[in-house]
Amino acid sequence: MNPANYLILAALLFTIGTAGVLVRRNAIVVFMSIELMLNASNLTLVTFSRLHGTLDGQVMAFFVMVVAAAEVVIGLAIILSIFRTRRSASVDDVNLLKY
Amino acid sequence: MTHTPVHYAAASGAFSVSWLLILLPLAGAAVLLLGGRRTDRFGHLIGTLAAAASFVVGVVLFAAMLGRSGDDRAVSQHLFSWIPVNGFQVDVGLLVDQLSIVFVLLITGVGTLIHIYSIGYMAHDPARRKFFAYMNLFLASMLLLVLGNNFLSLYAGWELVGLSSYLLIKFWEDRPAAATAANKAFYMNRVGDVGLAIAIMLMFATVGSTSYADVFGAAAANVIGYGTISAIALLLLLGACGKSGQFPLQAWLPDAMEGPTPISALIHAATMVTAGVYLIVRSAPIFNETQAARTVVVVIGAITILLGCVIGCAYDDIKKVLAYSTVSQIGYMFLAVGLGPAGYAIGIMHLLAHGFFKAGLFLGAGSVIHAMDDDQDLRHYGGLWRYMPVTWATFGLGFLAIIGFPGLSGFFTKDRIIETAFDKGGTSGYLLGAVALLGAGITAFYMSRLFLMTFHGRPRWSSEGEDARHPHESPPTMTGPMIVLAVGSTFAGGLFVLGHSMQDWLEPVAGEGVEGVHTFSPIVLTALTLVVVAGGFAAAWLRYQARPVEATARPDTEVTLVTVAARHDLFANTVNETIAMRPGQFLTRFLVWLDLVGVDGLVRGSAAGIGGLSGRMRRLQTGFVRSYALSMLGGAVLMVGALLLVWGG
Amino acid sequence: MNSVPWLTILLVIPALAAVVVAAFPRRLATQAKQLTLAVTLAVLVLAVLATFAYHPNRAGFQFSQHYDWISTFGISYAVGVDGISLVLILLTALLVPVVVLSSWDEFDGDPQDEGPAGGALPEDGGLPAGGGLPESGGGTAVLVATPPVRVEAVAQAVPVPRRSVPVFCALLLVLEAGLVGVFAATDVFLFYVFFEAILIPMYFLIGSFGPAQQQAQRSYAAVKFLIYSLLGGLLMLAAVIGLYVVSAEHLAHGTFDFASLRQLDITPGVQKLLFAGFFIAFAIKAPLFPFHTWLPDAGAQAPVGGAVLLVGLLDKVGTFGLIRYCIPLFPDASDYFAPVVLALAVIGIFYGALLAIGQRDMKRLVSYTSLAHFGFIALGLFAFTSQAGTGAVLYMVNHGLSTGLLFLVVGFLIARRGTADIGAYGGLAKVTPVLAGVMLIAGLSSLALPGTNSFVSEFLVLVGTFTYNKALAIVATTGIVLAAIYVLYLYQRTMTGPITHEANRNLPDLSWREKAVVAPMIALIIGLGVYPKPLLDIIRPSVTATYTDVGRSDPAPPHPVTSQPGGRS
Amino acid sequence: MSAILLAQTEKITPPSIEYSSLSPLLIVFVVALVGVLVDAFAERAARRVIQPVLAGAGFIAALIAVALLHGRHALLAAGAVAIDGPTLFMQGTILVFALLSVLLVAERRLDSSGGAIVASAAVTPGSKGSTAARTSADMQTEAYPLMVFSVTGMMLFVASNNLLVMFVALEILSLPLYLLTGLARRRRLLSQEAAMKYFLLGAFSSAFFLYGLAFAYGYAGSVELGKIADAVGTTGRTDAYLYLAVGLIAVGLFFKIGAAPFHSWTPDVYQGAPTPVTAFMAAGTKVAAFGAILRVFYIAFGPLRWDWRPVLWAVAILTMVVGAVLALTQRDIKRMLAYSAIAHAGFLLVGLAGTNTDGLRGAMFYLVTYGFTTIAAFAVISLVRTSDGEASDLSQWRGLGRTSPLVAGTFSFLLMALAGIPLTSGFTGKFAVFQAAIAGHATPLVVVALVCSAIAAFFYVRVIVLMFFSEPLAQGPVVVTRPTLTFATAGIGTLATLVLGVAPQPLLDLANTAASSGFVR
């Protein structure tokens, strides 16, 4: 089938991810949405890799996964510490810093 | 077109030190001002000495000039280069010629006398030293004015006499009236000075020089366009009017009487106020070229004569009356010099004669005021001749001189003016002659009024009661100068006219005094004049001698409109206020407001605007992660969109 | 003798002295003052010596020095003087010691030292309205508990006396160095650096040494002054860089060297842009109408000494820039914009005079008179005749003297009565005759009375303008009436009439120190009025050269005399 | 499918790596790893000594390595890393700033309780242990290895010649920063909040970057900057992928430099993070991010410059305006400096708008000057304290010039540098970039920039007014006089600000040679 469809799918995923970041309040979910965006990029990479007939894209996807994993660690640490302080993971509760 | 400058003889012998004339009084002033209180005790002596010394130098120079042959009597001396900028080369230089020497003698002579007089008059004033300093300063400035050999030096002297006049009018500074009068005098003079300044610029723009030699050379060579030269002449005239209190700039002169009386005598009667006449005669080569300007001069002269006389009749303040008489007498001079070569010399003659008798009159008035405890109201005088005979005699001579009593100086000089006015011929001639004649009559009236109300009739003051008056004769330091001046005013006129002596003397400067065809034979005219004068005197006699004088003037409601108008200076001040002062004040207030609200408001407004913008934009920084993300997304979309547009288009 | 690096010496001495003086502790105030006075006097002497070493009729810059500074941008430390800058350096060297001496006691044991801030919020220091912050620093205050401040904090926070004499002296010295630099620079970048650098000391002079009790107005004036000038300066920076880029296009390597820049022939279009950049900066600095509104505030809020330097010297940088940079570098643009400048100048003459008449605060009044004077200067500069130009440059010097003296006198009055309000005075001529006399002399010089310095310059400006454009000159000339009014009206209100306030009844007359301050000024005012030739001979060649280079020559009179030009006869 | 794989597996050959040329990177990386081990094994007291020394030594060593490498001009690791003038210049700069920041972090005498880094991040604010955590003398020494890791990322970021490496570097430099932001000893809540915001938004932006990378790959079939440029240059083929790539990658990079409208994190994070970390971020991250931007836009998208210039202009203007205007009404001094940082990012973009070597030189010079000044400024800020930490609220600075003139004077000088007053490095820097811009026919942009700096000057001046022209508060802040390290840092920064303002020529020469050698590709 036409690989372009994969690109469209990826674009959709990316959009969903973005929307998630904007609309969801729970920090964890927001973070998951970001992960979704990363994976959309991965899908795009892989698709292009297929289109170009080279492996580079797929290799890159691996890199991205590793990075994403690292990001998860840091992210969860931060979110957790905040959660422990405030007993809430809502990103809307943290807005002391403004204006 | 080029042309050669007028030639003046080089300074040599006595003339090489003619700068002493100016330096001596200047040094006097400097010593007195810098010396401070230390010189209080003998300050007046130094001042008088400086004046006298200057007078001596003047006499020496005069003698030296007599010793020279007619055509190199005009001596020009280059002192130093003042303002040299490429084409614009102005030097400080002196021109001692027949005209200026006459003025030098008048200024230093009368000046010295009045210095002496002031020793007595200001004896009790704590600031006498300063007074003499200022008078010396005035002498120096006035001498610079008449001696300068270029228009810029003249301008310098011109403004400096304005300064000394200002200083002396406000000499009693704690009197608000004095301060105001001084400022008024300076302002109105400045208006005139603007004219003079522009005239000088125009000369430079036309001839490339401001020295008499070059300018007059050009004027004589008749290379300057009529329009230009008329403009120059008229601008000079504006200056002259300002300085000489001629219509329409006369309003300051009466107020200037706030100054001490010797000042009124020296500056505002004898010398400074006649500077305008000097300017016109000095610029004869220019005025000769432009009939238009001369016409304006005579018209102004004529108007001022009447204006002065009429107001003079209405005042009860002795000094104000004399002031207005000065105004009208100078009007005569303007009328004369406005008549061109025929009148220059006559104008000067009347100027000199006037210098004597008006100075004498003022000093006399001063002595009266002194005697009456600084009361200047004629209506509080009367019958003073018994108490102050010398004053009465000297004043009387001056009075006779001014009304033109046969044989006294006024008789010669004023009659010559009337005569010349008629001789001008044509309707204008008759008109001017008539005005002059009428003026003579009115002068006779108000001066007689003044004289009679002061010295004759029954005293309107009491020697007892709370404001008791003990009139007494003044000390010799005061009477002495009065006597000298009386003598002067008696004989000066005669000397001048005797065999055209004055006219011939001034001929190189003022040009050939053309003896026009007589409209009337001099005898007839003289008789006519005498009749008119006698009429004036008679009227005054009937009104103020035959009948008793009220001790207080009648209120405006009971007198004729003319009198009311005259009492209000013919509304000159009202006019000035409505056309100049009020709008000026309004404009000033408006601009102050505009600057604050408008110009600066713009500045402050823009600052406030940015601040407000900042205040509003801060709100966008809500502190919510999601809104930050939204703004980022928005930015991303915009950027990518823009790029895609670039790609598409 | 030109081997002597005069300018660098004049530049370095005050700069070093400033560093030294700044290090003085407060208790050595007197020594600081003495040192400062000595240094500034030394600078004056050196400046005079330099003037003797200067050859007026030699073309181009003299005492020139040239060292590469930032070669990447063709920037160099290049100094040199022509007649124009030399006289202004002389003026600087003269006024600074005068100011030092005049403000000798101003900050000793100031009663208001410990005074409260007068309830003035820091935001009054020029924070735009509408910038108020209801919720300061977010909710921080709410959540983060704020335990009471520790004791030593309180102990350390006690306000110390607010005016340090050494600092004041240091600022003056820095200012002097900067001014010498700005006039001596022959490298446009260097000029710009000094142009901006002198703002800072003046900013502090206004901000922390102005009237003690008016903290809010002081800050406002200082900030307004700084930001206003800075805005102009930054616009000029754009033009400066533009000039560099243009030079880089014309020459092999871009440069800021003035001499080589004026050789460029820049296309008129570009000239106009660059001219605008420079002109606005200078018009703000000078100031010309309508960029003047910072001046009255700054003039009124600066300490008297500061005001003298501000109006007497700093503002000259603007007019100096006009003739040094705008006209020679952008002749076509100067032609093009001349009508605008002349119009602004004439407006300024009347606007300044009328506003001066309307003022009730003496310092503001003097500031506004300066606006009128700067109108005359600008008029002279853009009349493009050697007379007007020379007159204008001489006017810069004379204005420094006359207005400087006027400010000093006003300062003396304020020092005695503590207010600049004209209404608080009256009838002082009887109480303090010398003071009154000095004020009158200053005033007369300000109204350009013949015999005082200003007359020479003002008449030169007018006559020069007259040969260029009669109408303008005539209109401008009528301005001298207004000058008479604002001066004499001020004198009348303060010095004449009866004494209205008891406080005035026994004010002391001028002290010896004060006399020593005004004496040289008066001597110069009269001396230069009677014999201005020495200065004119220094200024004229440079001005003439400037105008000849841009192809301007004086219009010849239609009917010249055959004899040698001038009034000798 | 599998056939292809096989075919390629045979071709794969390990790339040759010139370790010598990578030495700076490797040194720092190794130091970071050692730091982790030290933290694991050395005991508390020792760590606080070893760690900073270790980190400092590592930075110095790396600095020497960089110096030794000067003049190198090569692509390494199969074109993944580029060692050339700009790289070395910026790596050096980053190392210097890192060194200064380490000094700040190592400061332990700020007030009664240790340094700026929290004793144990795990303790919940408000809980029993929290006060102890605030007052206890020790600190979370992991800060040092984290900083070193971040520096590694930065150095790789400016050196990466390959979008993927760049992405990885981006994460390496960001992740430690996220953590560091959360380590403030005082105002824990703000610190944690800042960390979270920074993290979420950072991750968000890197997602954009990554997506852009994918499109770049899709367009050119490679993520090597040079190859992308060739694809544009040789084939001249341009399609939507390319422009999507430019846009999305730009988002990621602009986020890092805090350009509007991607700036919103900056004020919050600058305010919340511990001051030394803020200083480190402000100086280091800017250098790194600009290094990357320069590389990407000059090499990969160089051929397209006429297409992205307008966008760059728009962003630059918006950034300058937002920075200058918003700073006017700030009350918190760190927040104000954050906005000023945004404004400066705008000025730097103006330099880029010239798109010429002058721009490169100017930008690099500007980065150095700005870094020194801003580190010094934050150092001074950390000195002015009340009982609950730094006197961050502007109103507390009133009259500081009277109570402690030296500190106030220094700070005023730094503010003037930021405002760009002549004879400070700030002016020279501005001059350098604006000159480039005008030479590159971006004059309108420069005029806007200058107006903005006039507005900006206003709020710097306001602080000076506060410190000098207003009367001190009765209970004003105290300037702590003990912390030598902080004083040293402030001193060095101020000195550099002065020297670079008066005698910038040497550094300019350095930047010039670095820039004119150009990017390797």
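Me: Hi! What does the secondary structure of chain D come to?
Reply: Chain D has 21 helices and five strands. Keep in mind that this is a predicted model.

Me: OK, and how compact is chain D?
Reply: Its radius of gyration is 22 Å, close to the 24 Å that the globule rule gives for 521 residues, so chain D is as compact as a globular protein of that length. The C-alpha trace spans about 75 × 55 × 40 Å along its principal axes.

Me: How much of chain D is buried?
Reply: Buried residues are 72% of the 521 in chain D. Also, of the contacts in chain D with a separation of 6 or more, 80% are between residues 24 or more positions apart.

Me: Let's zoom in on helix α12 of chain D. Why does its span agree with its number of residues?
Reply: Helix α12(D) covers residues 275-300, so its 26 residues should span 38 Å at 1.5 Å a residue, and the end C-alpha atoms are 36 Å apart, which agrees.

Me: Where is the kink in it?
Reply: The kink in α12(D) is centred on D:Met281 and comes to about 25°.

Me: And is α12(D) covered or exposed?
Reply: Mostly covered: 26 of its 26 residues are buried.

Me: New topic! How many residues do chains B and C bring to their contact?
Reply: Chain B brings 71 residues and chain C brings 62.

Me: Which element gives the most on the chain B side?
Reply: That is α23(B), with 16 residues. By class, the side of chain B that touches chain C has 37 nonpolar, 24 polar and 10 charged residues.

Notes: Residues numbered from 1 in each chain as written. Chains lettered and ligands numbered in written order. Predicted model: local features only at pLDDT ≥ 70, side-chain atom pairs only at ≥ 80, totals over all residues. Helix = DSSP H or I, 4+ residues; strand = E, 2+ residues; numbered from the N terminus. Expected span 1.5 Å × (residues − 1). Bend = angle between axes of the 7 residues up to and from the residue. Buried ≥ 20, exposed ≤ 12 C-beta atoms within 10 Å, placed from the backbone. Rg over C-alpha atoms; globule rule 2.2 N^0.38 Å. Contact = placed C-beta atoms within 7 Å. Nonpolar A, V, L, I, M, F, W, Y, C, P; charged D, E, K, R; others polar.
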